[in-house]
Amino acid sequence: MGAGKTTFLNMWKQHLRNQGFPVVEFNAWQTDFAGDPFIALLSELTDGLDTLSGNKSEDLSENIVQLKKVGEKILQELTLSAIRVGTSGMIDPKVLLEEPDRSCAEIRLNEYRDTRESFRKFKEALRSTATLVHDKKNKPLIVVIDELDRCRPSYAIELLEVAKHLFSVDYIVFVLAVNHEELSHSVKVLYGGEFNAKGYLRRFFDLDFRLPEPDRDRYIEAMFLKAKIPSYFAQLPDENSIYNTVYGPLSRAPIDAGSGFGSETALKWLQAFFGASDINLRQIAQAVNRLGVMLSSLSRDERSFASAAFVALILRTIDSELYHDFINGRATDLEVANRVLGHPGRRAVRQDHVGHVFEVMLMLAWIEVSENHSQKIGDKMETPLLKQHELAMDGHQETSALLGIDRENAGRVVALSGDMWQKVSFAGATYGFKFSFRRLELIMKSLVDEPEQ
């Protein structure tokens with residue numbers, strides 16, 4: 001999920017239509033509420049065919065009417081069966097309402113024959129309709145099914161079975177965009193963890209193709225631009241350096257070279273932290289959109305605490321449960337850093353200046369959210385994460401291995417923490433993490449107190 005399947009399908013559907021193919025769309029997630037996939041698929045298919053035919057083809061319109069009529073017959077029979085199943089066979093609607101003198105076995109046998117005949121007529125009507133579409137277009141009807149892996153497990157598998165057994169006729173091609181792992185999980189939910197889910201699913205697909213891994217940096221940049229985040233930074237006097245999140249937006253004194261937090265740095269942060277495989281494209285889009293909404297809600301003369309907002313957003317996206325534990329003082333900066341930077345796809349960030357700043361800002365955030373404000377100017381900053389870096393800097397090899405950082409980089413983190421802590425404690429202010437947490441949640445104003453002024 002969230003790997004670009006829908007985007008690919010949208011482009012491909014338009015390409016097919018440009019080539020003259022008749023295309024019917026079916027969003028499984030949006031029809032999940034129907035309960036019965038046969039009802040949903042029949043309705044979407046006939047509606048799609050109605051759109052394709054317009055007022056130009058009386059023959060096709062007649063076929064669609066016939067298809068609906070036979071489909072309704074099947075639905076009636078399926079409804080009777082559903083009543084019987086729902087009452088464990090104790091109440092048979094035909095016995096009660098129509099034929100009280102006949103045995104249940106005889107009725108059920110005849111019911112089966114009637115339903116089988118209705119299915120045969122349905123496939124004949126469907127084949128006739130598909131053939132007529134093909135003859136007019138000289139191309140098969142394409143039915144595109146998306147979002148199947150987001151549905152309830154039972155609905156997803158039943159939809160596959162219905163499509164394979166009832167809608168599989170000549171001149172109709174089904175195209176499904178699915179996450180195989182998610183769909184396999186749905187199969188195992190229904191048939192048990194030991195069931196050969198992948199072997200079962202192969203029965204439904206004649207051909208399968210795997211989408212290539214997307215260029216994440218380009219995707220993140222596209223979402224970044226779409227959310228209009230650069231325009232926010234462009235209106236600030238000096239691109240809102242980290243120093244300015246303490247002293248206010250009019251100051252031009254940076255902490256050190258390279259610490260300026262403007263549009264270019266912000267994008268670099270998102271690419272560094274969202275480039276790992278544990279974050280899918282949908283999560284990235286949602287996170288960046290949330291950030292864009294937050295920044296756009298600020299007035300021009302209001303502090304953004306942008307750097308703190310990015311730290312909060314990164315944590316919220318990677319592990320929302322840990323994020324809430326952290327902002328409520330139940331998790332330490334050390335736990336957060338190890339979770340965020342411990343993934344193989346992000347370990348290299350810990351050796352980079354981006355990672356150094358991120359870890360120091362987690363330390364400052366921990367002091368703020370844990371209400372540990374006894375540390376004043378002249379005091380040495382103390383946090384669980386900083387202690388580990390100090391040990392690594394002093395040559396403690398086990399700690400260095402645990403953090404995944406060498407002695408030199410640990411020393412850089414410790415030096416940067418002292419510089420940033422001195423400026424924060426001297427100003428008697430905060431980096432605005434509570435403010436950022438509240439802004440990111442948008443409606444959860446009770447989550448944190450007002451920021452210190």
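Select Glu 408 to begin: this residue is exposed, with a relative accessible area of 52%. Here buried means under 20% relative accessible area, exposed over 50% and partly exposed in between (1.4 Å probe, protein chains only). The model is predicted: local features need pLDDT of at least 70, side-chain atom pairs count only at pLDDT 80 or more, and totals for chains, interfaces and linings use all residues. Residues are numbered from 1 along each chain as its sequence is written, and side-chain values use heavy atoms, with hydrogens and water left out.

**Salt bridges**

Arg 412 is partly exposed at 42%, and its closest N and O atoms with Glu 408 are 2.5 Å apart, a salt bridge. The term stands for a side-chain nitrogen of Lys or Arg within 4 Å of a carboxyl oxygen of Asp or Glu. Both residues belong to helix H21 (residues 407–427), where four residues, about one turn of the helix, separate them. Helices (H or I, at least four residues) and strands (E, at least two) are DSSP runs, numbered from the N terminus.

Next, select Arg 120 and Glu 124. Their salt bridge has its closest N and O atoms 2.3 Å apart. The two are four residues apart in helix H6 (residues 104–137), so about one helical turn lies between them. Arg 120 is partly exposed at 40% relative accessibility, and Glu 124 is partly exposed with a relative accessible area of 40%.

Now go to Arg 282 and Glu 147, whose side chains meet in a salt bridge (3.8 Å, N to O). This pair links distant parts of the chain, 135 residues apart: Arg 282 is in helix H14 (residues 281–296), and Glu 147 is in the loop between strand S2 (141–146) and helix H7 (153–165). Is Glu 147 buried or exposed? Glu 147 is buried, at 9% relative accessible area, while Arg 282 is partly exposed at 25%.

A search of the whole structure finds 13 salt bridges.

**The largest pocket**

Select Leu 176, Ala 177, Val 178, His 180 and Phe 209. Of the 42 residues that line the largest pocket, these lie nearest its centre. The elements giving two or more residues to the lining are helix H1 (5–18), H7, strand S3 (172–176), helix H8 (180–191) and helix H9 (197–202). Which element gives the most to this lining? S3 does, with five residues.

A pocket is found on a 1 Å grid over the protein atoms alone: it is an open set of points where a 1.4 Å probe fits, with protein on both sides within 12 Å along at least five of seven lines, and lining residues have an atom within 4 Å of a point. The volume of the largest pocket is about 1,500 Å³. Grid points are joined across faces, edges and corners, and a volume is the space filled by probe spheres set on the points.

**Aromatic rings**

The structure holds 15 aromatic pairs. For Phe 8 and Trp 12, the ring centres are 6.2 Å apart and the planes stand at 25°, so the pair is stacked. Rings of Phe, Tyr and Trp (its six-membered ring) pair if their centres lie within 6.5 Å; planes under 30 degrees apart count as stacked, over 60 as edge-to-face and the rest as tilted. Phe 8 and Trp 12 are four residues apart in helix H1, about one helical turn. Phe 8 is partly exposed at 37%, and Trp 12 is partly exposed at 31%.

Phe 233 lies in helix H11 (residues 229–234) and Phe 310 in helix H15 (residues 306–318), so the pair ties together parts 77 residues apart in sequence. Phe 233 is buried at 0% relative accessible area, and Phe 310 is buried at 0% relative accessibility.

Then select Tyr 191, Phe 195, Tyr 200 and Phe 204, which form one aromatic cluster.

**Backbone stops**

Select Tyr 171, in the loop between H7 and S3. Tyr 171 is not a glycine, yet its phi is positive, about 70°. Tyr 171 is partly exposed, at 35%.

End at Lys 228, in the loop between helix H10 (216–226) and H11. Its phi is near 60°, a positive value in a residue other than glycine. At 60% relative accessibility, Lys 228 is exposed.
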